[in-house]
Amino acid sequence: MAVAADPIDGTRLKEQFPLLSRDVHGKKIVYLDSAATSQKPLAVLDAMDDYYRTINSNVHRGVYMIAEEATNRMEIARALVRDFIGARSSSEIIFTKNATESLNLVAQSWGRANLVAGDVVVLSHMEHHANIVPWHMLVAEIGIELRWIPLDSEGRLDLTNLDTLLEGAKVLSVTAMSNVLGTMNPVRTLTDAARKAGAISIIDGCQSVPHSATNVQEIGADFLAFSGHKMCGPTGVGVLYGREELLEAMPPFLGGGEMIRDVRLDGFTTNDLPWKFEAGTPAIAEVIGLGAAVEWLNGVGMDKVRAHELALTEYTISTLHERFGDRINIHGPSSPLERGGVFSFDFDGLHPHDISQVLDQHAVCVRAGHHCAKPLMKLLGIGATARASVYVYNDTADIDALADALDATGAFFTL
Amino acid sequence: MPGLEDLYREIILDHYRNPRNRGELETPPAHRVEGFNPLCGDEIVLYLDLDADGRVADIRISGQGCSISQSSASMMSAAVKGKTVAEIDDLTRAFKAMMSIHENSLEGAETTEPIESPDVKLGDLEALRGVVKFPVRIKCATLAWNTLAQGIEEASA
């Protein structure tokens, strides 16, 4: 199970993330919750700070110099995001407040315009609530039908009956990577099957876009949603990529300033893409921060990010199994090649809240709970898990600290 | 800075490892009630047998949860066995006062009136006082109590 040598020194990268130098309970912080939100490098903090200090003004309106600079900076960020995911045009990059809004935008705008009672939307059992509830809302409102791709025993999508599930479907909406199991899904296979069935494909890229190179042409998705704050950018900005012809045909989502070309007493006409979907003053500083995050990630290299996390994934799984044997159960695929750096685990039969509480005393930050994926938790037959997740700035010392803290946790509760 | 020893007192860990009154009761005569903490997936199933005098003749608890919710349920079961509904009401109010929870805030309604703590000995339950220093865990400690209140209300109806 040999993987390529780790091309990234996470220990050195930590220096670029101010938060990672702080102490918690008198110990250096060990941050293992990047699947919830990533830490931010200085480059991102500086870009946002610089916007507020030197060019703070509203975009796409003022004719004065700093307003033009702010507009330029925002549109440069859009171009950076466009190139980061291989979109053909900046018109296809819509800034939202987060990936949840991106998915709601598609469901509300495309869904309400194109779906009628009885139409089928196919989801999977490993979806985040953000890719379930917007569709439940259309079940209530329109009467669409939901079908679910099941999972196999290792937490991978079971695609045996995919073509049957997609028969007559209008939409396939699935995650590229599970935020609970770490499973990386065969996105191209899924979008190909959707296209063959005449369905549009929506990919939730929250856990994949920050961690590996993404090209929307290669994955063949009609829509791709992801958030800025999981990829070294700030909270408050997300992205919806959509194929231009689909976006052109869609009605607007939110109405207001910016999204209009003309407003009269008897109606309005919409602005061009992408602004048609960006009503009101956007999160300018955050968009600029996301642009800086993309530049920072480009500087590291997304292929190296994936290689680093693959090496860390292998190290994590082997370390935890070697040290704890049957005391630990890591959910999701056993092969590191099939998964990202997200490790949901059961340990010593302890409740995840108790685990994370003790880990916190050792300055180890992990998530405990249902991870906004309750249907999946029910399928796994558990109420909650503890989850550790890694990113580009983590290193093997962080994993050793996790293992040491788990050791202490086990001892604490079994004395 | 509160430490782990504030939260996980030895008596709490004892109740967690050796829960009292664990199990089920036949329904009827016993009344069965479920409580959930949707945030962490904890669930408690409480079996309550009230006698003709409105006294808890027997109580059993099953379900799953963290050490705080499990130990709180275990201590509660030991504390309320043999007590009348009125005595339990006092005990519940004393416990919630210790948890710094105002009368209605668990139901979503905010109130600024602090609970007047009845003159009741909390005994082992005192060990849960440290939970207040870990606000996210207060819901764990109160789950069993809210479930009991619901059970008494239903059983007395």
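Biologist: A residue is buried if 20 or more other C-beta atoms, placed from the backbone, lie within 10 Å of its own, exposed if 12 or fewer, and partly exposed in between. How many residues of strand S9 of chain A are buried?

Modeller: Five of the five residues in S9(A), residues 223–227, are buried, and the strand is mostly covered. This is a predicted model, where local features need pLDDT of at least 70, side-chain atom pairs count only at pLDDT 80 or more, and totals for chains, interfaces and linings use all residues. Residues are numbered from 1 along each chain as its sequence is written, while chains are lettered from A and ligands numbered from 1 in the order in which they are written.

Biologist: What counts as a strand or a helix here?

Modeller: Both are DSSP runs numbered from the N terminus: helices are H or I with at least four residues, strands E with at least two.

Biologist: Which way do the residues of S9(A) point?

Modeller: A:Phe223, A:Ala225 and A:Ser227 point one way, and A:Leu224 and A:Phe226 point the other. Both sets are buried.

Biologist: Which strands are joined to S9(A)?

Modeller: Strand S8 of chain A, residues 200–204, runs parallel to S9(A), with three bridges. Strands pair if DSSP finds at least two bridges between them.

Biologist: Switching to helices. What is the span of H11 in chain A?

Modeller: H11(A), residues 302–324, has 23 residues and reaches 32 Å from first C-alpha to last, close to the expected 33 Å. The expected span is 1.5 Å times one less than the number of residues.

Biologist: Which of its residues are buried, and what covers them?

Modeller: Among the buried ones are A:Val305, A:His308, A:Leu312 and A:Leu320. The cover includes helix H10 (284–300), strand S14 (342–347) and helix H14 (396–414) of chain A.

Biologist: What follows the helix?

Modeller: A:Gly325 follows H11(A), with a positive phi near 50°.

Biologist: Which residues other than glycine have a positive phi?

Modeller: A:Glu258 is one of them, with phi near 75°, and A:His371 is another, at about 55°. A:Glu258 is in the loop between helix H9 (244–249) and strand S11 (260–264) of chain A. A:His371 is in the loop between strand S16 (367–369) and helix H13 (374–380) of chain A.

Biologist: Are those two buried or exposed?

Modeller: A:Glu258 is partly exposed because 18 other C-beta atoms lie within 10 Å. A:His371 is buried because the count there is 22.

Biologist: Now chain B. Where are the cis peptide bonds?

Modeller: The bond from B:Thr27 to B:Pro28 is cis, with omega near -25°, and so is the bond from B:Pro28 to B:Pro29, with omega near 20°. B:Pro28 is in the loop between helix H2 (10–17) and strand S1 (31–37) of chain B.

Biologist: In what order do the strands of the chain B sheet come?

Modeller: The order is S1-S2-S3 in an open, antiparallel sheet. S1 and S3 (56–64) of chain B are at the edges with a single partner strand each, so one side of each has no neighbour in the sheet. S2(B) and S3(B) pair over eight bridges, and B:Tyr47 stands opposite B:Arg60 in S3(B).

Biologist: How many residues of chain B are in contact with chain A?

Modeller: 13 residues of chain B are in contact with 12 residues of chain A, contact being C-beta atoms, placed from the backbone, within 7 Å. Helix H1 (4–7) and strand S2 (42–50) of chain B each supply at least two residues of the side of chain B that touches chain A.

Notes:
Two residues are in contact if their C-beta atoms, placed from the backbone, lie within 7 Å.
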